[in-house]
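Reader: I have just opened this model. Please walk me through the terms as they come up.

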Amino acid sequence: MRRRQFLAVTGALALAGMTIMRPAMADDTPQAVVESYLAAWNAHDSAKAASHFADNVTYYDASVGTPVEGREAAKTGVIDNFLNAVPDAVWKMKGSPIVQDGRVSFEWQFSGTNTGAWADGTKATGKSFKFDGASVFEIGNGKITHQADYYDALGFYKQLGLM
C-alpha cells in the first residue's frame, strides 16, 4: 500500500513539475518572443521591446538600407524614434505567422498619428497613417538576433505629407 501511495505522489509531483515548467519554456519559443515584442511596442514600452533583442541584434529596415547593429542602437534608433514620433502607434500582426527553425515571418499593419518629432529632426505632421508591411525575425536563445522590415515607405511618407 505504501509503495502505491509513494508512486501516486511521485507521479503527481512529476506531472505538476512538468505543468509548471511548460509555460516558462513556451515563453521562449520564437513565436512567443515575437508576440511579446509586439505587445511591448503596442504598450509603448521601448525598454521592454528592446529587452527582447540579443545584445548583438541586427535590425534591417529595407527603406533605410543600412542595418542598425546592437540592442541599444536598435532601441534608440528605431523603437524610441517611432514611439516618440507616434505615441499612439499600433502594430498588428495580420493572420498567423510562419514559424520555422527559429525564424518567424508575418505580414502586419502599422498605424498611428505623427504627433512627435522624428529623431532626424523632421517635425510632427499631426497626420494619421496606416500602412502594411512584412517582417522576418531570427530568434536564438529566446532573443531576437535579427529583424528585417519591408514596407512601402513612399506610401507612408505620402500619408504624412512629407512627399
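Reader: What do the buried residues of H4 pack against?

Author: They pack against helix H2 (30-42), helix H3 (46-50), S1, S2, S4 and H5. Contact here means heavy atoms within 4.5 Å. Helices (H or I, at least four residues) and strands (E, at least two) are DSSP runs, numbered from the N terminus. This is a predicted model, where local features need pLDDT of at least 70, side-chain atom pairs count only at pLDDT 80 or more, and totals for chains, interfaces and linings use all residues. Residues are numbered from 1 along each chain as its sequence is written, and side-chain values use heavy atoms, with hydrogens and water left out.

Reader: Which residues of H4 are buried?

Author: Among them are Ala 74, Val 78, Ile 79, Phe 82 and Leu 83. Buried means under 20% relative accessible area, exposed over 50%, partly exposed in between (1.4 Å probe, protein chains only).

Reader: Why is Asn 114 called buried?

Author: Its relative accessible area is 0%. The cut-off is under 20%, so Asn 114 counts as buried. Asn 114 sits in the loop between S4 and S5. Among the residues Asn 114 touches are Ala 85, Lys 123, Phe 129 and Leu 160.

Reader: What makes a polar contact between Asn 114 and Ala 85?

Author: A polar atom of the Asn 114 side chain lies 3.0 Å from the backbone oxygen of Ala 85. A polar contact is a pair of N or O atoms within 3.5 Å; within protein, one must be able to donate a hydrogen and the other to accept it, and residues adjacent in sequence count only if both atoms are side-chain atoms. The 3.0 Å distance falls within that limit.

Reader: What span does H4 reach, and what is expected?

Author: H4 has 15 residues and reaches 20 Å from first C-alpha to last, close to the expected 21 Å. The expected span is 1.5 Å times one less than the number of residues.

Reader: Where does H4 bend?

Author: At Ile 79, by about 30 degrees. That is the angle between axes fitted to the seven residues ending there and the seven starting there.

Reader: How do you know that S5 and S6 pair?

Author: Eight bridges join S5 (residues 128-140) to S6 (residues 143-151), running antiparallel. Two strands pair if DSSP finds at least two bridges between them, so the eight bridges qualify. One of the bridges links Ile 139 to Ile 144.

Key:
Lists of a residue's contacts leave out its neighbours within four places in sequence.
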